[in-house]
Amino acid sequence: MADQSDEFVRPKLEGKRFAGGKMPVEFFTDLLAYTHLVSELAKIIYCGKHGKDRVPKGFGGRYNLVMTGLLDGSAVPVFKRDRDTEAALLKVEQPDEYDEARELVSSVIASTALPQGFPKALLLHFNRFGKSLREGEAIELISPGKTSGPKLDREVRLKLLTLKGETPRYDVCILSGKIRAADVLDHTFTIKLDDESSVYGNFDQPFNLGIRRALLSHENIDVKLIGIGKYTVSGEIEGPIKLQHMTIYEENLSTDLPPFESRLDELQRLEAGWLDGDEGQAVSPGAISWSREVLRSLVTKNNMPSPFIYPTTEGGLQAEWSIGAWEVAAQFDVEAQRILLRASETTSDKYMEDTCSGDVPILVNGVIEFLTQFLNPPGSNEH
Amino acid sequence: MGLGPKLLVAGEDLYRQINPNFIQEGRVSGQAFTPTRKDLSLLSVDQSSLTTAEASFELFTTGLNLRSAGIYGVTVGEASGVGLDSYSNPLPSNPAHAVVDFRNLSNGQTQNKGSKLAAIARDKGPKYWPAQAVPEVPVTISVARNDAPLLGDG
């Protein structure tokens, strides 16, 4: 019931995108991160005050934030505490720990320093809170009874994340857009992303002609790139990225790099003894056709990156992907109708192994499941 | 197999011949740095203190009549960094011969370390690569793609 609700905060969004009271839906994620931050901090404050390890039952029910709408003329959502619940009806002192937490968060943003009582670990919430802000935009946190408050913008957020002691990280990145510049001698390129930002990167020989083709016909060609990229402490990708796999989209056709079909044709012609004369069995036609069926389903139908493919000394095939810091391999064993999957992280001792067997759809799903964990690691960004 | 002394100069390059089938459009396979059954878990390399990458390639291809597309390499320190020791192992036909020791490792550990060595070598690029060995492969393969979601049902 509206009359039983207390205003908690007005996070006012500033910037051209919010003119006319518009709030892009992506900001719900930012605001949700803010409410989680306040909630966790309130629990810590309560435990500190009362010398307890945990909050009493029903503590969270006091918070119970609801958004009652945007104020006319500007993007200012109003967050209120809904008292119309059993837990919220319990008598509590005002202001309580949630109000204290709100003020402490505002104090952190205002000072870009850690005030007493604000645990450093909670700064991780700024990974999400404020992430959607662009240059020239800010979220102003206005407390009840006030007309202004501290502003979180990109610069403040970066300072807070730096305060957390984070350094830039390297991780897998998946970029979609158009190739707008390339230097084929230096093996560098620039991709313009769908959000109009640009990232530059390096490419090796397998992508030379693909990059050139995408550049020359950039008006008609979109690309999807998989590579390893440098991320700022605020989670934004910055160059240079290193290209590892590429798909070129032209009308309703697509080209995968490296190309697996022509590579399989090539490996079909291998003769026994290809490795130093006394090792290396020929790859059987059955192994080629079975692998082709699996790879067509995997790459063409299910949009997985196209692998590099090599023969094995036992007459089989091994598909390999470099995905971020992971080296992933799938060894095709046609006789056993089985695929052995392995992955090594080059920056750590992590190693993973799995086996899938069965008919082609089962195998393909097994490979997709294995690959996907490296294409979507926790905390990675897809642009 | 009796091995010579352990190699201790961390910066010394260890040259590895790359079989032409273990390279696709300039990308070296993890298998190129993983010993095969015949190798008995000892990966053959040549020491940079005793030969050059070009001389190593010439001896392997012309002298021994074996196939190599070129030379990639890791250092003694890089091999040690992934938990592999290296030993001198001169042969009558190749005094610069040495080995990286994969013995006492499971198959999974062997594959893991081999793919890491390959990734390190790949990042550094070839140590010696005859110009004619890397033809440019034209991009000609285009296929109609289903509008399938990223995670389809296979």
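Me: A residue is buried if 20 or more other C-beta atoms lie within 10 Å of its own, exposed if 12 or fewer, and partly exposed in between. Which of these is B:Glu25?

Reply: Partly exposed, because B:Glu25 has 19 C-beta neighbours inside 10 Å. Keep in mind that this is a predicted model.

Me: Where does B:Glu25 sit?

Reply: In chain B, in the loop that links strand S2 (23–24) to strand S3 (27–28). The phi of B:Glu25 is near 50°, which is positive for a residue other than glycine.

Me: Why is A:Gln337 classed as partly exposed?

Reply: Because 15 other C-beta atoms lie within 10 Å of A:Gln337.

Me: Back to chain B. What is its secondary structure?

Reply: Three helices and eight strands. From the N terminus the order is β-β-β-β-α-β-α-β-β-α-β. Chain B has 154 residues, and 44% of them count as buried.

Me: How do contacts in chain B split by sequence separation?

Reply: Take contacts between residues at least 6 apart in sequence: 77% of those join residues at least 24 apart.

Me: Over to chain A. What are its domains?

Reply: The assignment lists domain 1 (2–163), domain 2 (169–255) and domain 3 (258–375). The C-alpha centres of domain 1 and domain 3 of chain A are 49 Å apart.

Me: Which helices cross in chain A, say with H1?

Reply: H1 (27–50) and H3 (97–111) of chain A: their axes come within 8 Å and cross at roughly 115°. The H1(A)–H3(A) crossing is right-handed. Among the residues that meet are A:Leu41 and A:Ile45 of H1(A), and A:Ala101 and A:Leu104 of H3(A). The contact has 10 nonpolar, no polar and three charged residues.

Me: And how do H7(A) and H8(A) cross?

Reply: The axes of H7 (285–301) and H8 (360–375) of chain A come within 10 Å, at roughly 55°. So H7(A) is oblique to H8(A). This crossing is right-handed as well. The contact includes A:Val294 and A:Leu298 of H7(A), with A:Leu363 and A:Val367 of H8(A). Its residues are seven nonpolar, one polar and one charged.

Me: What about A:Ile226, buried or exposed?

Reply: Buried, because A:Ile226 has 24 C-beta neighbours inside 10 Å. A:Ile226 is in strand S9 (221–231) of chain A.

Me: Which residues does A:Ile226 contact, ignoring those within four places?

Reply: A:Val172, A:Ile174, A:Gln244, A:His245, A:Pro305 and A:Ile323. A:Val172 is 54 residues away along the chain, yet the two C-alpha atoms are separated by 7.2 Å.

Me: Last one. Which peptide bond is cis?

Reply: The one from A:Leu257 to A:Pro258, with omega near 0°. A:Pro258 is in the loop between strand S11 (253–257) and helix H6 (260–268) of chain A. Most peptide bonds are trans.

Conventions:
Residues numbered from 1 in each chain as written. Chains lettered and ligands numbered in written order. Predicted model: local features only at pLDDT ≥ 70, side-chain atom pairs only at ≥ 80, totals over all residues. Axes fitted to C-alpha atoms, helices over the stretch in contact; angles between N-to-C directions. Helix = DSSP H or I, 4+ residues; strand = E, 2+ residues; numbered from the N terminus. Parallel < 35°, antiparallel > 145°, perpendicular 65-115°, else oblique. Left-handed = near helix turned anticlockwise from the far one by under 90°. Contact = placed C-beta atoms within 7 Å. Nonpolar A, V, L, I, M, F, W, Y, C, P; charged D, E, K, R; others polar. Domains from an automatic or database assignment.
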